[in-house]
Structures are given as C-alpha cells and as structure tokens.
Amino acid sequence: MAQRYGTPTSGGGGDEGDFRRRRKRRGPRGGPGGGSTSRSTMRRMAPVGPPKTVMLPSILTVAELAEALGVTPIAVIKELMALRMMATINQQIDYSTAARVAEALSIPTEERVNETRRGAATMTAEDRQREANEDPEAVARPPVVTIMGHVDHGKTKLLDAIRSANVAAGEAGGITQHIGAYQVELQGRKITFLDTPGHEAFTQMRARGAQATDIAVLVVAADDGVMPTTREAIAHARAANVPLVVAINKIDRPNANVDRVKQQLAEIEVVAEDYGGDVPTVEVSALEKLGIDDLLEVILLVADLQELKANPHRPAAGVIVEGRVDGQRGVVATVLVQNGTLRLRDIVVCGATWGRVRAMNDDRGRKVRQAPPSMPVEILGLLATPEAGDMLQVVADEQEARAVAEERQVQRRIGVSPDRPLRLEELGQQIQSGRAKELRIILKADVQGSLGALQNALSRMAEEQTVQLRIIAQNTGAISESDVSLASASNAIVIGFNVRPDAAALRAANAAGIDIRFYDVIYNLVDDIQAAMKGLLEPETREVTDGYAEVRQVFRLPNRVQAAGLYVLDGRVLRNDRVRVLRSGTVLHDGTVGSLRRFKDDVREVAAGYECGVGLDGFNDFQEGDQLEFYHVERVAAS
C-alpha cells in the first residue's frame, strides 16, 4: 500500500528527513528555496490507514482520476490497459470506468452528482410519466398517436385525410405547413398525431429514451393483408407496451376482404374485438374519407381507458420530434410537450444543446405564446440542432442549461450511454439485486420449424422461472438492422439460431452495445437462457468478427476442390481465422481457412476493398453472392 501511494519506506525518520530536504531545496513560500509542500506531496506523506471513499464526478480525465485516488497517472493507465482500454493522460472517461480502476486499486468510490443537475433535466421518460400520473394537480391530456404499417397500405393518405378533415373550411391557405406532428379535434376533444416515417423512426426515438406515443394505429390494406413490415410494426408496438388500434384501409377497393385481414391478424396474435379479442378494428377508406370519424372516436375511447394525465402548471418537459436548420430562421425544432406548459422566453435544454425560446408556431403556422401538454409546436432559439428523440426540459437559468448541455456533449463525444443495453451474463446480478424482472428476447431462426421448436422450449422454461421471459419479436431470416434497432429500444437480447447478422446489422449492434447470441443446437440455447435466469451463467469466451467478404467468382480446382474469389467488404480476413459461409443469412458451413491468396502469393491477411482467393477445409459448395464471415474466439477475463 505504501508503494502505491508513493510514501518512502526507508526506516525510522526517513519520511521526515526526506520532507526536510525537499523543503530546503524549495526555499520560502512562493520561492525556490522553501515553503509549504504541495497538496499532492502531503497526500503522499499521509499515514496509510483504511481507505476512505473517494467522490468522483460522472466525467473526468485520467490525470484527474489519478489525482483523486492519490496514485500516479501511470498506475491508472496500467489498470485501464488491463481493462483493454488504451488511454492517454488527458483522455476523458466516465464514472463506471473510473470506478473499475479504483476497485482494482482497492479504493472505494462514489459518484458525485451536481445538485443543480439532479432535477428534471436528467429524468427519464418513464420517470416523467410516473410523476405526471401521481401529481395531484394533473388533469386529462390529449392522446399522442403514431400511425404505422406497410409502406403501400395508405399511411400517408390516412394522415392527410385525418388532417384535412379537421381544417376549418374558411381557413386561408388550408394546411400551411408540415412540422412532423399535428393536432385534430373531434367533439371538442383533441388528438395529437406524430407523422413519423414508420416504425423504424418510432423505435429510434424510443431507443433515445423518448416514450412519446400513447396509442399506435396499425394500417392494413383490405386488398393486400398482413405483410412482413406489418409484423415488424406489431413487434415494435408491443415492445413499447403501446395499445394497438387496427385501421383496415382501402375498403372501397373491389377486391377488399376485411375478414381475411382479421384472420391473418389473429394468426399473429392480434385478435380483433369481434373475433373475441381486445384489439379494436375500424374499417376506413383514406381515398374516399370513409370511417375517419369512427377511427378518431375509437382512439379517444382507448385514451379514456388509459387515463392519460399531465400537470399544465409545471415547467415544460417534452420530446424533440425533428430538428433542422432553416436558411432564414436558423435552428428550428419541433417539440411535443408531454408535461407542463412551454412558454415564450423559457430557457430549455434539448439533449446536448440549449437555448431560449424566441418564437413558437403551432402546426398551422400560427404564432402562439404557450403550449400545454400534448401540443406540438415549432420553436426557435436553440444554439444547435437537436436530434429526434432528445428530451426537452425547462430549467431555471442559463448557467444550469449550459452545464447540463456541456456534460451531455462530453458523454456523447466519449460514447457514454446512460442506459447501456443488458448483456446475458449480467442478468444474474440484476436478478439477485431485484432490478431485473424480465428478460426480453428477439428470436431469429433459419426456418419456421426451428422457430416453433425454440418457442415451445422457451415457453416451457419460462413457467419454471421467477423472472419473466418475453419474446418481443420472432421471425425467420438473417438478423437485420431493424432487429438491432428494436433490441436497442427495448433493452433486449438478440438470439440467432443458424442465422447471422449482415455487416450493417453487426456494425449497428457493436455501436449500440447490443448482445447478439448465436446457436446451432437448441439445447445449448435453452441451457444458456436458463443459466442466465438463475444467475449462473459465467462468461468464458466470446466471438470477435474480423471481417466480411462476398464471393464474386467460383473456381474449380483438381480433385473436385472449390476455391472462391472474394471481395472483402468490411474489416479484414485473416489466414488463422475461423469462417462461416452465409447464404441469405443462413449458416451453411462453419470451419477453418484452408488457404488465403492474393494473386499467386499466400498471405496472412487481406484488408477491406481488396480481392483475394480462399479455400475452406471441408467445404466445396460456394455460390456467387455468398457472404463469408471471418471471426476468432477469445477468452474473456474474469471480472
């Protein structure tokens, strides 16, 4: 311990003698020959006793951490290297990393939270909704609705029909502008619609912590029925725990078949009310403007069952729907107010930027001075463009706004996420601490038969566990970016059975920290899930993907051996790697590299953007268009 803190250990009086010699050299206070020692010197000389808890900020540099812990920066850098992090003395790290370094040095720490930043500006969407529901001054607010569905099933036309039917007949100019959200009125009650591009945007907003939607309207064409995109939209709405209303569109078409649509929905467990289920369905025609009022009435009925509330007397909190830079007006942001009332001249924090509200317009371009709960408005006055899904909060003064925004800028720059996705190995710890009540899974398999077998095995296992197992989406085919987006928004784990992600999905998963597990034996999959839910799963090894390549040409060699001409799409391919052959996302072969060549030369690796030839041990069934995933397995150090 003495050596760690830099205290001399050379027998009796050694500390005092060393101190006097250094003091004599320094000179008098403020000069070169004496005076008091520095704080760091006094800390090094302090008697070694039980370590005290060190308070650390949420973001700090390596040098600041070393100073706080009373060790040298080299000691901190060595511990970071043991954690597989390469850092310089001026590099910033987050508190969780700093705490792991301190733990390795046997120094207890706690995070120091600035009291001015502990308020509403750092609350999550769930905290805000819970606070609004428990507020004694809360009153009913309009519901917020998102329309989702297949791209050709009439979402845009339905939105236009709803909006145009609610524009006053004598209003000059009709619909004056489009701000990504708008309100309509029926029988004196308002409904807010979010005009998002689809379930992907809806989920991306949720992944950023914005639970903005109260009700999802699923549009299904009566002449086309349920499509793959329809299934995805249902999975995303379910993952968000948002109630569904089904709008069966295009009933004016001669080949419309409403009963067939309801039957298809029932097969994927979306059972209409007239089929004995709990999902309301409304028949509409966006083109002929039929059933629009019926749809709005059903939306209001579902909203009444939810008892949506907010307190209009509080400082405003909301979510950014979209942000952009206007050539004449500067930064323009569309805000959906969720609680409180937003007023002109309010100081707001939006994600990693802030500003003062200089002007507000409603969805029809009219200037307004305030915006109550569930009202969408355009605001001017932010210093930088916010991102869709950023949370907006009114704060007391510019000093607090600037402090919160700057801290978030640092967190984004160093890649710190306040809500890191759950990994399977961590589930046991969360179960024991009582924080984990549910394990969410996205299940992908190569064929429908495998998918059914996995569902049965997991459902039987779920009945025996205290933690609830929830499959929020299931499908066949390769793991896609949409699956990764859903996992990010839902804090879910992706399970792939005989399927792999494509390069884009893998990059997205790595960036978001999503845990993707691959299996080719059902029992191994079930055993891992069961062990995780009992808190017994321990990480031993992990796969690291080195690169992807595509087969551009197939060569037949003597002795019926095949070789493939590859183009390296991403990363690099290594001679000592293992390799999987993927066809439409399905794993055909998993083995080792037999040979790797550039022209006629054997090489050890080939980087992205180059061509090469490869032969695999025990595989002779290449086809043009096949993808090869090169990877290696490494041991994970016990923590």
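How many helices and strands does the secondary structure of the protein chain come to? In this predicted model, for which local features need pLDDT of at least 70, side-chain atom pairs count only at pLDDT 80 or more, and totals for chains, interfaces and linings use all residues, the answer is 17 helices and 32 strands. Residues are numbered from 1 along each chain as its sequence is written, and side-chain values use heavy atoms, with hydrogens and water left out. Helices (H or I, at least four residues) and strands (E, at least two) are DSSP runs, numbered from the N terminus. Of the 639 residues in the protein chain, 46% are buried, a term that stands for under 20% relative accessible area, with exposed for over 50% and partly exposed for values in between (1.4 Å probe, protein chains only). Among contacts (heavy atoms within 4.5 Å) with a separation of 6 or more, 71% join residues 24 or more positions apart.

The largest nonpolar core, where such a core is a set of buried Ala, Val, Leu, Ile, Met, Phe, Trp, Tyr and Cys residues joined through side-chain atoms within 4.5 Å, holds 27 residues, of which Leu158, Ile162, Phe193, Val217, Leu295 and Ile299 touch the most other members. Two or more residues each come from β6 (144-149), α7 (155-164), β7 (181-186), β8 (189-194), β9 (215-221), β10 (244-249) and α11 (292-306), and α11 gives the most, with 7 residues. When residues up to four places away in sequence are not counted, Ile162 touches Ile147, Val184, Phe193, Ile292, Leu295 and Leu296.

Helix α3 (residues 62-69) packs with helix α4 (residues 73-82) at an angle of about 110 degrees, their axes lying 8 Å apart; axes are lines fitted to C-alpha atoms, for helices over the stretch in contact, and angles run from 0 to 180 degrees between N-to-C directions. Helix α3 is therefore roughly perpendicular to α4, given that angles of 65 to 115 degrees count as roughly perpendicular, under 35 as roughly parallel, over 145 as roughly antiparallel and the rest as oblique. Val62, Leu65 and Ala66 of α3 meet Pro73, Val76, Ile77 and Leu80 of α4, and by class this contact has 7 nonpolar, no polar and no charged residues (Ala, Val, Leu, Ile, Met, Phe, Trp, Tyr, Cys and Pro count as nonpolar, Asp, Glu, Lys and Arg as charged, and the others, Gly among them, as polar).

Helix α9 (residues 228-239) and helix α15 (residues 481-490) pack at an angle of about 10 degrees with axes 10 Å apart, which makes α9 roughly parallel to α15. Their contact, made by Glu232, Ala235, His236 and Ala239 of α9 and Ser482, Leu486 and Ser490 of α15, divides into 3 nonpolar, 3 polar and 1 charged residues.

Positive phi values also occur in loops. Glu269, although not a glycine, has a phi of about 65 degrees; it is placed in the loop between α10 (258-267) and β11 (281-283) and counts as exposed at 62% relative accessibility. Phe599, with phi near 60 degrees, lies in the loop between β28 (586-598) and β29 (601-602) and is exposed, its relative accessible area being 75%.
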